[in-house]
Each structure stands twice: as structure tokens, then as C-alpha cells.
Amino acid sequence: PDTWANADAEGAVSRPELEDLLQVLTQRITLSAIDARAGECLMLHAACIADPETGAAAAFVAPGGTGKTTLVSTLGPGRWYVTDETTVVLDDGSVVPYPKPLSVRRAPDSPYKNEVAPTALGLQAPDGPVSLGALCLLDRSDAHRGAPRVESLATLDALVLLVPQTSHLPELPRPLQRLASLSESLGGVHRVTYREAADLAGLVDELTGDAA
């Protein structure tokens, strides 16, 4: 215990259990990577998968613990796994891949997660350029029935929902204009209400296909 306490006091990552250590380490690396790009590019709290033939990607924005990792692990095989956490978009619309280990909850309501290698889930990191073709807000609901419901949002409504799911947005030049311009260049933002990640397979094909 003294060793762990001293390590924490010095800013090191320290936990008595390996899985807990890996979870904290992954979080620390992610936050450091986000902070390193502050003021340089748009960063969305979003999962992202892409068509391997075209490099066209769909990003799915949502708060933590609401379905992003499940979507990637379900629909990622056969597609490029770009990230399950932070979608980094450059000025030209290209996406910087961040194919980190997937943080999978040990139990449905548990704050603890296991860090799973993408290859263990059959996921492939991009091996070519990735460009953002669609931007969606996820709204997973156990009460939803039937096919996913897809709504196109007005730009202002989309901004209200997107802004809380960004990192370091105020540090960008003209941040709201930048986010609005990206949304409009993609034909708007879609809000997707669904129950099971598998139900979104057709939508992902449509979005990345249209982007091609």
C-alpha cells in the first residue's frame, strides 16, 4: 500500500490489480492525447467506424456508458475500427484514427472496465486515409421498438447537443462556426434512436456508402 500511495503522490499510474491498472492507464493516455491536441483540431466524444474500401467513416456521438463501445464491438468486424472514444477531425474532414483498446464494462452497471485488444474482437485498425462522411447522435433506449428512428436535426439544435460532447472546443478559433460548418458539410447531423447495436448495421452501410 505504501508503494501505491507514493506512486499516486508522484503522479504515476498505480493500482493493486492488473485490470484496474490497465483501465486507469488507458484513461490517462487518452486524456493526455486529448490535451496534446487542444486548440489544434475538433475532438468529439464519439465512436467511429469506416468502410475499408472507401475510407468513409461514420461517427456516433454519445456520453460515456451509453453504447459507443457496444456499437463498435458489434458492427466493427469487417469495417475499420477508428475509435470507441475520441473522434479527431481535421480541417479538411479527415479523421485521425485512435484505435485504443476497447473499454468493456465488467457488469452492466459497473464503473469498472476491462481493456480488450481490438484484435480479440476481430477489429482492424485503418490502413489508409479516413474521412468523415456522417455524424450521428446516439439515443439508445430500451423502450424503443422496431427499426432505428433517424431524425435530421437543424444546425442550432445539433450544436446544442454536440457541444457538451466535445473536448477543448473553446480553445479552437471560431469554435461554434467550425462545428456548424462541419455539420452542414456532412448534410446535417442525424439523431438515431435505437435499442440494439445490431439494428444499426444497415444504417452504417448507408451512411458510409453515401459518403463515398
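This is a predicted model: local features need pLDDT of at least 70, side-chain atom pairs count only at pLDDT 80 or more; totals for chains, interfaces and linings use all residues.
Biologist: How do helix H4 and helix H5 lie to each other, roughly perpendicular or oblique?

Modeller: Helix H4 covers residues 155-162 and helix H5 covers residues 175-185. Their axes come within 10 Å and cross at roughly 120°. Angles of 65 to 115 degrees count as roughly perpendicular. H4 and H5 are therefore oblique.

Biologist: Which residues of H5 make the contact with H4?

Modeller: From H4, the contact takes Thr-155, Leu-159 and Leu-162. By class, the contact has five nonpolar, two polar and one charged residues. The H5 side is made by Leu-176, Leu-179, Ala-180, Ser-183 and Glu-184.

Biologist: What is the handedness of the crossing, left-handed or right-handed?

Modeller: The axes of H4 and H5 cross at roughly 120°. H4 passes H5 in a crossing that is right-handed.

Biologist: Which residues lie nearest the centre of the largest pocket?

Modeller: About 780 Å³ of space lies in this pocket. Its lining has 32 residues. Nearest the centre are Gly-65, Thr-66, Thr-69, Arg-105 and Lys-113.

Biologist: What is the volume of the second largest pocket?

Modeller: Its lining includes Leu-42, Val-89, Leu-90, Asp-91, Gly-93 and Leu-132. By class, the lining residues are six nonpolar, three polar and two charged. The volume of the second largest pocket is about 190 Å³.

Biologist: Which element gives the most to the lining of the second largest pocket?

Modeller: Among the lining residues are Arg-178, Ser-181, Leu-182 and Ser-185. Helix H5 covers residues 175-185. The element that gives the most, with four residues, is H5.

Key: Residues are numbered from 1 along each chain as its sequence is written. Side-chain values use heavy atoms; hydrogens and water are left out. Axes are lines fitted to C-alpha atoms, for helices over the stretch in contact, and angles run from 0 to 180 degrees between N-to-C directions. Helices (H or I, at least four residues) and strands (E, at least two) are DSSP runs, numbered from the N terminus. Angles under 35 degrees count as roughly parallel, over 145 as roughly antiparallel, 65 to 115 as roughly perpendicular and the rest as oblique. A crossing is left-handed if the near helix is turned anticlockwise from the far one by less than a right angle, and right-handed if clockwise. Contact means heavy atoms within 4.5 Å. Ala, Val, Leu, Ile, Met, Phe, Trp, Tyr, Cys and Pro count as nonpolar, Asp, Glu, Lys and Arg as charged, and the others, Gly among them, as polar. On a 1 Å grid over the protein atoms alone, a cavity is a set of points where a 1.4 Å probe fits but cannot get out, and a pocket is an open set with protein on both sides within 12 Å along at least five of seven lines; lining residues have an atom within 4 Å of a point. Grid points are joined across faces, edges and corners, and a volume is the space filled by probe spheres set on the points.
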